[in-house]
Amino acid sequence: MDIAERMKQISPSMTLAIDAKAKKLKDEGQDILNFGVGEPDFNTPAVICEAAKKAIDEGHHKYTPAAGTLELRKAIGQYLDREYKVHYEPGDIVVSGGGKHSLYNTFLALVNPGDEVLIPSPYWVSYPEQVKFAGGAPVYVECSEADEFKLTPAAVKAKITPKTKVLILNSPSNPTGAVVNRKAMEGIAELALKHHFWVVSDEIYAKMVYGEEHVCFPSLSKEVAAQTILINGMSKAYAMTGWRIGYAAGPSKVMKVIADFQSHSTSNPTAISQKASVAGLAMPDSEVQKMVEVFRKRRDIIVDGLNSIPGVRCLKPAGAFYVFPNVKGLLKPGRSTSMELSEYLLEKAKVAVTPGIAFGAEGYMRFSYAVGEKTIQEALRRIKEVV
């Protein structure tokens, strides 16, 4: 008996594989410094935890509507209106089990077999896999180091064909931390309107920018919003990765089919997490900014440290909590690829990082600086010693 062909085309997540290997070694007693996983190291804010406890005590233990509670969808709409001046009714929003789930639902709703989906590269590891599972054809749009890994209208235009159905926009970017500016966003929007393709704007790192403007893509115009599915969630800005709340916002005709599909797959996201998320969205922005300022300091430390290592070149990212250094100068026989180099660093320096090939970029590595300053400094010392 064989498994379904559709499952055979899916590759396992390299980022989670590296994280699992690092945790296994740590469980065995080795002193592993883990820079592999994209997860804030802060505790979830107390006000959110208290709201969850209250929800448990008040008996919010049952199913909710598949698309999420009306209370939470209203809170999300109010948040988006307040932050980005973009308006969504509750029927324009579907809450799911994390941003990854929201993305998967969206691709299933938009992509037919053979449709081309433009994916900026370097890319988050799950984009191509989800597109392929939906029957789409990933088409990679190169974002070069010379352009600070930023997506440009010219690069998008060069990849558009009659089969183009969707463009994925991820700003700030995982893995590079690149932030696309307003002028480039407007140029991309013009292309979407002219060539009639959807834009899936993954803005999960929207609150994590360092002196740059975050441009919410559907806020550019009503016409742009009508061709955009906005993806966001609670995981990153609110340190709620394990609570699993993400959401999609867009035209009601798309949200309806997503809600219908979700009702037959996972049903509603966790009721307790939904109550907690309402409290999170009502929190003062100053609470989130405290965390962002800590990340800014860590970013500066790791960028300066990596650039002090011969053979390494590292741009200073404008958002998210990743750096994506060029490590081609460290490649040599025995560690001639980013995967081999990451294995070498894990074995020799006890430092876990993710190889660039996982993101479609050989010769680079991703470091998550969602770790303490002392851990960053010790990892830099170890890497410099072994290379």
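Trainee: Leaving aside neighbours within four places in sequence, which residues is Ser201 in contact with?

Mentor: This is a predicted model: local features need pLDDT of at least 70, side-chain atom pairs count only at pLDDT 80 or more, and totals for chains, interfaces and linings use all residues. Residues are numbered from 1 along each chain as its sequence is written, and side-chain values use heavy atoms, with hydrogens and water left out. Contact means heavy atoms within 4.5 Å. With those sequence neighbours set aside, Ser201 is in contact with Leu169, Phe217, Thr228, Ile229, Leu230 and Ile231.

Trainee: Is Ser201 buried or exposed?

Mentor: Ser201 is found in strand β6, residues 198–202. Strands (E, at least two residues) and helices (H or I, at least four) are DSSP runs, numbered from the N terminus. Buried means under 20% relative accessible area, exposed over 50%, and partly exposed in between, with a 1.4 Å probe and protein chains only. Ser201 has 2% relative accessibility, so Ser201 counts as buried.

Trainee: What is the relative accessible area of Asp260?

Mentor: Asp260 is found in helix α10, residues 252–264. Asp260 is partly exposed, because its relative accessible area is 35%.

Trainee: How far apart in space are Asp260 and Leu70?

Mentor: In sequence, Asp260 and Leu70 are 190 residues apart. C-alpha to C-alpha, their separation in space is 16 Å.

Trainee: How far apart are the end C-alpha atoms of α5?

Mentor: Helix α5 covers residues 99–110. The expected span is 1.5 Å times one less than the number of residues. For these 12 residues it should be 16 Å, which agrees with the end C-alpha separation of 17 Å.

Trainee: What is the volume of the largest cavity?

Mentor: On a 1 Å grid over the protein atoms alone, a cavity is a set of points where a 1.4 Å probe fits but cannot get out; lining residues have an atom within 4 Å of a point. Points are joined across faces, edges and corners, and a volume is the space filled by probe spheres set on them. The whole structure has three cavities of 30 Å³ or more. The largest has a volume of about 130 Å³.

Trainee: Which element gives the largest share of the lining of the largest cavity?

Mentor: That lining holds 17 residues, with Pro120, Pro122, Cys143, Asn170 and Ser173 nearest the centre. Two or more residues each come from β3 (116–121) and β5 (164–170). The largest share, three residues, comes from β5.

Methods. On a 1 Å grid over the protein atoms alone, a cavity is a set of points where a 1.4 Å probe fits but cannot get out, and a pocket is an open set with protein on both sides within 12 Å along at least five of seven lines; lining residues have an atom within 4 Å of a point.
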